[in-house]
Amino acid sequence: MIYEEMTKQIREAAKRLLKEGAVDVILAYRGGGLNEMQVPFFVKKPEDAELIEWGDRCYQNLAPYVHGLNKKVGILAKPCDVRAIVQYITEFQIERDKVTIIGVDCIGMVDENGNARPGCSECRVHKPPVYDEYIRDERAANLPAIEPKAGETTLEENLERFQKEIDKCILCYSCRQACYGCYCKTCFIERDMPDWQPAEIDTGTKITFHMGRAMHLAGRCVDCGACEAACQSGVNVRYIIREVTKFIEDAYGYSAGMDAEEPPALLTNKFDDKEFGFLGGERHE
Amino acid sequence: MKGASSMKENEKKTPNKDWDPVIVAFLCTWCSYSGADLAGTSRLQYPPNIRIIRVPCSGRINPLYIIKALTEGADGVMVSGCHPGDCHYLAGNLFARRRFVVLKKLLETCGLNPDRVQFTWVSASEGGRFAEVIKEVTANVKKIGPNRIVPGFAEDCKEASAE
Ligand code: SF4
Ligand code: SF4
Ligand code: SF4
C-alpha cells in the first residue's frame with residue numbers, strides 16, 4: 001500500500017535525523033487513537049521512530065506544537081501544516097534553521113466514516129511548498145486546486161449566509177484554540193482594556209469576534225479547516241476568511257505560507273498599492 | 001463605551017423622516033484633523049453628522065474600532081489620514097491602506113454594506129476638501145439608511161440592494 005511505503009520512508013528519515021543529531025525531537029503521528037485515528041507523537045529516540053505511522057487519518061495540525069518550542073525540531077507536515085510553519089517563520093515566531101520540515105504530499109484526510117475532513121474537500125495545495133525532506137505520493141500529482149468562488153453572490157445572500165452561521169455560534173472559542181494562527185497570549189475578545197465584548201452572547205459580540213478573527217487571519221489562513229472541525233455547533237465561518245485571503249492573493253500577490261522569504265501581505269506595503277473602494281479610488285472587479 | 005451604548009438606544013427607534021445618520025470619523029491628528037480645523041476656521045459649511053475621534057495616525061486605527069462602531073450602532077464610519085507619502089510616521093498610512101481595503105472586502109463578504117465605511121486622505125491644507133468629503137460621506141450613508149446591523153441584522157442591506 002502507498003501509505004505503508006510512505007510510512008517506511010518517514011521512519012527512515014526520522015531515524016536518520018535523530019541519529020545525526022540534526023533534531024532533538026520529531027513531531028509525527030502514531031496509530032492507536034480513537035476510531036483508528038492517528039494521533040500526535042513526539043519521537044525523541046531513534047528506536048521509537050518505528051512507531052511512526054502515516055495514513056489518511058493524520059488530520060491534526062502539528063504546527064502549533066512547534067510554536068514557542070525552543071528546540072531543534074523535525075516535523076512531519078502535510079502541505080497545510082508546512083504553510084502554517086512557513087507563516088510562523090515569516091511572522092518571526094520560529095527560526096527557519098531550528099525546524100526540519102519532513103514535507104509529505106497529501107491527497108486529503110478523512111473522518112471515521114470516510115468523508116473528507118473540512119478543508120480537505122476544498123484544498124488548494126497538495127504538495128508541500130517548502131521542505132527539507134520530501135515524501136512523495138504520486139496520487140497528489142494530478143489533484144485539482146479548488147479555488148474559492150468570489151464575487152458571485154449578492155450582498156443580501158452574503159448576509160443571509162453569515163447570519164445563519166453565526167446564529168449557531170455559542171462563543172466557545174474552540175475555533176480560535178484550534179487555529180494555528182491564533183497564538184496570541186491574550187485574544188482581543190478576552191481583553192478588558194478596551195472591552196471589545198460585553199459579557200453576554202449577543203449578535204454584536206458574535207459579529208465582533210468573527211469579523212475580528214477574520215481580520216486577524218486575513219491573508220494568513222492556510223485552509224487547514226481546523227476551525228471548522230473544532231466547532232461542535234457546526235459553524236463554518238472559514239469561508240469568510242478564505243474569501244478575504246483569496247482577495248489578498250489577487251490584490252497583493254501574497255499567498256499564505258508559500259514562501260519563507262516573503263513578508264505577510266498586511267505586514268508590508270507598497271507606495272502604489274491600489275485603493276479599492278476609497279473615496280475617489282478604484283473599485284474591485 | 002458609555003456613549004456608544006446610548007447610540008445603540010437611538011438606533012432601535014424605527015427610522016423616520018427625521019432620521020439623521022451618526023457617522024464616526026477617525027482623523028489622524030497631523031493631516032486630517034488639522035484639515036478639519038482649517039475647514040472650521042475658514043467657516044466652511046458641512047453636515048453636522050460626524051463625531052470626530054482624533055488618533056495619532058491612520059495606522060493606529062485598529063479595524064476592530066470600525067467593526068465595534070458598526071456593531072454599537074454607528075450608521076457610518078469614516079477614516080481619513082495623510083496622503084500617501086505625507087505620513088508623519090513615514091508609512092503608517094500605507095500599512096493602514098492595505099488593512100482598510102481588506103476590511104472593506106470583509107464587510108462585503110459578511111453581507112454588510114461596505115459603503116458604510118469610507119476611507120480617504122485629507123491633508124492639513126485641504127479645508128475645502130474636508131468639507132466636500134464630509135458632504136459626500138453623509139450623502140452616501142443617508143442613501144444606505146439607518147444601521148440595523150445588530151437588532152435587525154437581516155434588514156441591514158435591504159435598502160442597499162433595493163437601489
Ligand atoms: S467553535 Fe463554533 S461555537 Fe465555538 S466560537 Fe467558534 S464558531 Fe462559535
Ligand atoms: S482560520 Fe481555520 S482554516 Fe484558516 S488557518 Fe485557522 S484553523 Fe485553519
Ligand atoms: S482572534 Fe485574533 S487576537 Fe484572538 S487569538 Fe486569534 S489572532 Fe489573536
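This tour moves through the structure stop by stop, saying what to select and what is there.

The model is predicted: local features need pLDDT of at least 70, side-chain atom pairs count only at pLDDT 80 or more, and totals for chains, interfaces and linings use all residues. Residues are numbered from 1 along each chain as its sequence is written, while chains are lettered from A and ligands numbered from 1 in the order in which they are written.

**Stop 1: chain A as a whole**

Select chain A. Its secondary structure comes to eight helices and five strands. Helices (H or I, at least four residues) and strands (E, at least two) are DSSP runs, numbered from the N terminus. Along the sequence the pattern reads α-β-β-α-β-α-β-β-α-α-α-α-α.

The C-alpha trace of chain A spans about 60 × 45 × 40 Å along its principal axes. A compact globule of 285 residues would have a radius of gyration near 19 Å, and chain A agrees, with 20 Å. That radius is taken over C-alpha atoms, and the globule rule is 2.2 Å times the number of residues to the power 0.38.

Of the 285 residues of chain A, 42% count as buried. Buried means that 20 or more other C-beta atoms lie within 10 Å of the residue's own; exposed means 12 or fewer, and partly exposed is in between, with C-beta atoms placed from the backbone.

**Stop 2: the two domains of chain A**

Colour residues 2-140 as domain 1 and residues 155-267 as domain 2. These bounds come from an automatic or database domain assignment. The domain centres, taken over C-alpha atoms, are separated by 25 Å. The contact takes 23 residues from domain 1 and 18 residues from domain 2. Two residues are in contact if their C-beta atoms, placed from the backbone, lie within 7 Å.

On the domain 1 side, helix H2 (63-66) and helix H3 (79-90) of chain A give two or more residues each. H3(A) gives the largest share, eight residues. By class, this side has 12 nonpolar, six polar and five charged residues. Ala, Val, Leu, Ile, Met, Phe, Trp, Tyr, Cys and Pro count as nonpolar, Asp, Glu, Lys and Arg as charged, and the others, Gly among them, as polar.

**Stop 3: the core**

Which residues have the most contacts inside the largest nonpolar core? Select Ile75(A), Ile85(A) and Leu106(B); the core has 122 residues. It draws at least three residues from each of domain 1 and domain 2 of chain A. A nonpolar core is a set of buried Ala, Val, Leu, Ile, Met, Phe, Trp, Tyr and Cys residues joined through C-beta atoms within 7 Å.

Now centre on Ile85(A). Leaving aside neighbours within four places in sequence, Ile85(A) is in contact with Ala63(A), Val66(A), Ile75(A), Ala77(A), Val99(A) and Ile101(A).

**Stop 4: Phe92(A)**

Move to the loop between H3 and strand E4 (99-104) of chain A, where Phe92(A) is found. Phe92(A) is not a glycine, yet has a positive phi of about 60 degrees. It counts as exposed, with 9 C-beta neighbours inside 10 Å.

**Stop 5**

Start with ligand 1. Among the residues around it are Cys169(A), Cys172(A), Cys175(A) and Cys231(A). A residue is near a molecule if its C-beta atom, placed from the backbone, lies within 6 Å of it. The shell around ligand 1 divides into 10 nonpolar, two polar and no charged residues.

Go on to ligand 2. Of the 15 residues around it, Cys179(A), Cys221(A), Cys224(A), Ala226(A) and Cys227(A) come nearest. Helix H7 (226-230) and helix H8 (238-252) of chain A each give two or more residues to this shell.

Finish with ligand 3. Select Arg176(A), Gly181(A), Cys182(A), Cys184(A), Cys187(A), Phe188(A), Arg213(A) and His216(A), the residues around it. By class, there are four nonpolar, two polar and two charged residues.

**Stop 6: where chain B touches chain A**

Show both chains. The contact takes 38 residues from chain B and 38 residues from chain A. On the chain B side, H4(B) provides the largest share, 13 residues. That side has 22 nonpolar, seven polar and nine charged residues.

**Stop 7: H3(B)**

Is H3(B) largely enclosed or open? Seven of its nine residues are buried, so H3(B) is largely enclosed by the rest of the structure. Its buried residues pack against helix H6 (203-217) of chain A, together with strand E1 (23-28), strand E3 (76-81), H4 and E4 of chain B. Just after H3(B), Gly73(B) takes a positive phi of about 110 degrees.
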